[in-house]
Amino acid sequence: MKKENKRIDILGVSVDVLTAKETVELVKQYVNEKKFLHLMGVNADKILSCLDNDSMKKIVNSCEVINADGASVVMASRFLKKELPERVAGIDLMQDLIADAEKNDYSVYFLGAKQEVVEKTVTNLLQEYPNLNVVGFRNGYFKESEWKQISKELKDTNPSYVFVGITSPIKEYLIEYLKEEGNNSVFMGVGGSFDVISGYIKRAPLLIQKLNLEWLYRVYQEPVRLFKRYYKGNVRFIKLILREKRG
């Protein structure tokens with residue numbers, strides 16, 4: 001399948017010029033043709049990771065679909081006159097794809113998080129989407145030596161979508177391994193979406209989402225783990241964007 005959608009470059013990282021609705025329609029083409037797809041979402045932190053890790057940058061830029069999953073990326077694109085249409089939040093896109101999967105009888109598989117979290121995620125989703133075809137799930141606590149077993153399980157269950165809630169960069173390396181193993185599903189890294197859908201972590205109120213301050217709400221929930229990442233990362237990202245603008 002040849003991708004036709006337009007891409008822009010932000011600090012050397014590619015981002016597709018797509019709305020959430022356009023993304024869903026594009027992804028469905030891969031599902032219907034049973035072709036592998038690594039559906040990537042990039043925010044400021046992911047772009048900085050690419051600058052620090054050549055392997056990550058290579059993986060991200062090779063993904064078939066790359067969304068702007070961060071308000072800072074959208075604002076940077078507008079500042080650089082390479083305007084992206086909107087933020088495509090990973091958790092919202094995941095829910096859109098799941099709703100469409102129920103409608104079209106696409107099968108889904110959930111991989112990641114703690115066992116009780118992924119189980120509760122599946123339970124909650126089946127309450128909201130009772131006809132959703134869940135062909136399997138497993139937690140994200142496994143060793144690299146088990147990757148081949150996971151690949152076999154995915155080939156046996158043959159899901160249309162695999163939603164992966166595992167920490168980066170292991171998540172990206174795993175998905176690339178599964179691609180090399182010949183898996184033909186749509187793989188989407190979903191960050192902490194399982195924690196939110198399961199109810200273990202609350203998502204920011206709608207007003208905070210609209211004000212593009214969802215990241216600040218996450219820092220409020222987990223200050224020890226996230227303050228350094230978001231604060232220092234955002235400052236660095238802004239400096240790099242200003243430098244690119246001048247350059």
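**Exercise 1.** Describe which strands form the open sheet and in what order they lie.

*Solution.* Six strands make up an open sheet, ordered β4-β3-β8-β7-β5-β6, and their pairing is parallel; strands here are DSSP E runs of at least two residues, helices are H or I runs of at least four, and both are numbered from the N terminus, while two strands pair if DSSP finds at least two bridges between them. The edge strands, each of which pairs on one side only, are β4 (65–68) and β6 (133–138). Within the sheet, β5 and β7 pair in the parallel sense over five bridges, and Leu-111 stands opposite Val-164 in β7.

This is a predicted model, in which local features need pLDDT of at least 70 and side-chain atom pairs count only at pLDDT 80 or more, whereas totals for chains, interfaces and linings use all residues. Residues are numbered from 1 along each chain as its sequence is written, and side-chain values use heavy atoms, with hydrogens and water left out.

**Exercise 2.** Determine how helices α3 and α8 are placed against each other.

*Solution.* Begin with the axes (lines fitted to C-alpha atoms over the stretch in contact, with angles from 0 to 180 degrees between N-to-C directions): those of α3 (residues 54–62) and α8 (residues 170–180) come within 10 Å and cross at roughly 55 degrees. Angles under 35 degrees count as roughly parallel, over 145 as roughly antiparallel, 65 to 115 as roughly perpendicular and the rest as oblique, and α3 and α8 are therefore oblique to each other. Finally, look at the contacts (heavy atoms within 4.5 Å), where Ser-55, Met-56 and Ile-59 in α3 meet Glu-172, Tyr-173 and Glu-176 in α8.
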